[in-house]
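Please read the following report alongside the sequence and the three-dimensional view.

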Amino acid sequence: MTADHYFTADPDAPLRRGEIEFTVAGRDYRLAVASGVFSAGRLDPGTAVLLRKAGLPDGRAEGAFLDLGCGYGPIACVLASEAPQVTVYAVDVNSRARDLAAENAERLGLGERVLVRAPDEVPADVTFAEIWSNPPTHIGKAELHALLERWLPRLAPGGTAWLVINRNLGGDSLHTWLVGLGWTVERMASQKGFRVLRVSGKSAD
């Protein structure tokens, strides 16, 4: 599968639908997937590691969360299920992915709290208590850096970002780069070749 299939706004791949099933924190999920969307054949291993090793929210969590590069919505659906007071912005450039994410949220009864948007449709004044992302490393280092530089500053004061990065695709160098920008970064887990990073706000100068 080439990057054009899931990093462009309108995939050219013929539409072939399917379903996948997975379990997170004791909840079972069945989500619609389709060709032309990232990891349509299974829950992506990096996403699985992130959902297993990062600090999932609970019923006390409030505010707006961001699922950056949401694909068909597995992270957004888990976050909204675990934290019933939270609104999750599910953001992706891929229109087919957005359609699936909205469909999956509706199927799970989460449609009112999972707001599926293109990047430019997120209101500029919204800040996020948490950002979750299995970012698209295959778009290249410059583009990945630009993506994170756009969204990480929208963390609310005291907010946290959870990122999962393949070690062989620059997980450690990304950690170093984020620290160089002034972010506080902790490697919270390393499993199956993936790094789970916890990124918290810059210290005030």
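## Confidence in the model

The mean pLDDT of the protein, where pLDDT is the predictor's confidence in each residue from 0 to 100, is 91, and 94% of the residues reach 70 or more. Over residues 1-6 the pLDDT stays under 50, and for this stretch the model has 14 contacts beyond four places in sequence, a contact being a pair of heavy atoms within 4.5 Å.

This is a predicted model, in which local features need a pLDDT of at least 70 and side-chain atom pairs count only at pLDDT 80 or more, while totals for chains, interfaces and linings use all residues. Residues are numbered from 1 along each chain as its sequence is written, and side-chain values use heavy atoms, with hydrogens and water left out.

## Overall form

The protein has five helices and nine strands, which are DSSP runs numbered from the N terminus (helices are H or I with at least four residues, strands are E with at least two). Read from the N terminus, the elements follow the order β-β-α-β-α-β-α-β-β-α-β-α-β-β.

The C-alpha trace spans about 50 × 35 × 35 Å along its principal axes. For 205 residues, a compact globule would have a radius of gyration near 17 Å, and the 16 Å of the protein agrees with this; the radius is taken over C-alpha atoms, and the globule rule is 2.2 Å times the number of residues to the power 0.38. Of the 205 residues, 53% count as buried, where buried means under 20% relative accessible area, exposed over 50%, and partly exposed in between, with a 1.4 Å probe and protein chains only. Among contacts between residues at least 6 apart in sequence, 69% join residues at least 24 apart.

## The sheet and its helices

Strands of a sheet pair through backbone hydrogen bonds, either parallel or antiparallel. In this protein, seven strands form an open sheet in the order E5-E4-E3-E6-E7-E9-E8, with mixed pairing; two strands pair if DSSP finds at least two bridges between them. Strand E5 (114-117) and strand E8 (184-191) stand at the edges, and each has a single partner strand, so one side of each is left without a neighbour in the sheet. From one strand to the next, the twist averages 15 degrees.

E8 pairs with strand E9 (residues 194-200) in the antiparallel sense over seven bridges, and the bridge partner of Thr184 is Ser200 in E9. Helix H1 (residues 45-53) packs on the sheet, where it touches strand E6 (128-133), strand E7 (155-166), E8 and E9, and its direction makes about 50 degrees with that of E9. Helix H5 (residues 171-180) also packs on the sheet, touching E7, E8 and E9, with its direction at about 165 degrees to that of E8. These angles run from 0 to 180 degrees between N-to-C directions, with axes fitted as lines to C-alpha atoms, for helices over the stretch in contact.

## Salt bridges

The structure holds eleven salt bridges, each defined as a side-chain nitrogen of Lys or Arg within 4 Å of a carboxyl oxygen of Asp or Glu. One of them joins the side chains of Glu103 and Arg17 at 2.7 Å, N to O. This pair links distant parts of the chain, with Glu103 in helix H3 (residues 95-107) and Arg17 in strand E1 (residues 17-24), 86 residues apart. Glu103 is partly exposed at 26% relative accessibility, whereas Arg17 is exposed at 52%.

Glu21 and Arg30 form another salt bridge, at 2.6 Å, N to O; Glu21 is exposed at 56% relative accessibility, and Arg30 is partly exposed at 47%. Arg107 also meets Glu103, at 3.7 Å, N to O, and because these two residues are four apart in helix H3, about one helical turn separates them. Salt bridges that share partners join Arg17, Glu19, Glu21, Arg30, Glu103 and Arg107 into one network.

## A buried loop residue

Asp92 lies in the loop between strand E4 (86-91) and H3, and at 10% relative accessibility Asp92 counts as buried. Leaving aside neighbours within four places in sequence, Asp92 is in contact with Gly69, Cys70, Gly71, Ala97, Arg98, Arg117, Ala118 and Pro119. Asp92 and Tyr72 are 20 residues apart in sequence, and their C-alpha atoms are 9.2 Å apart in space.
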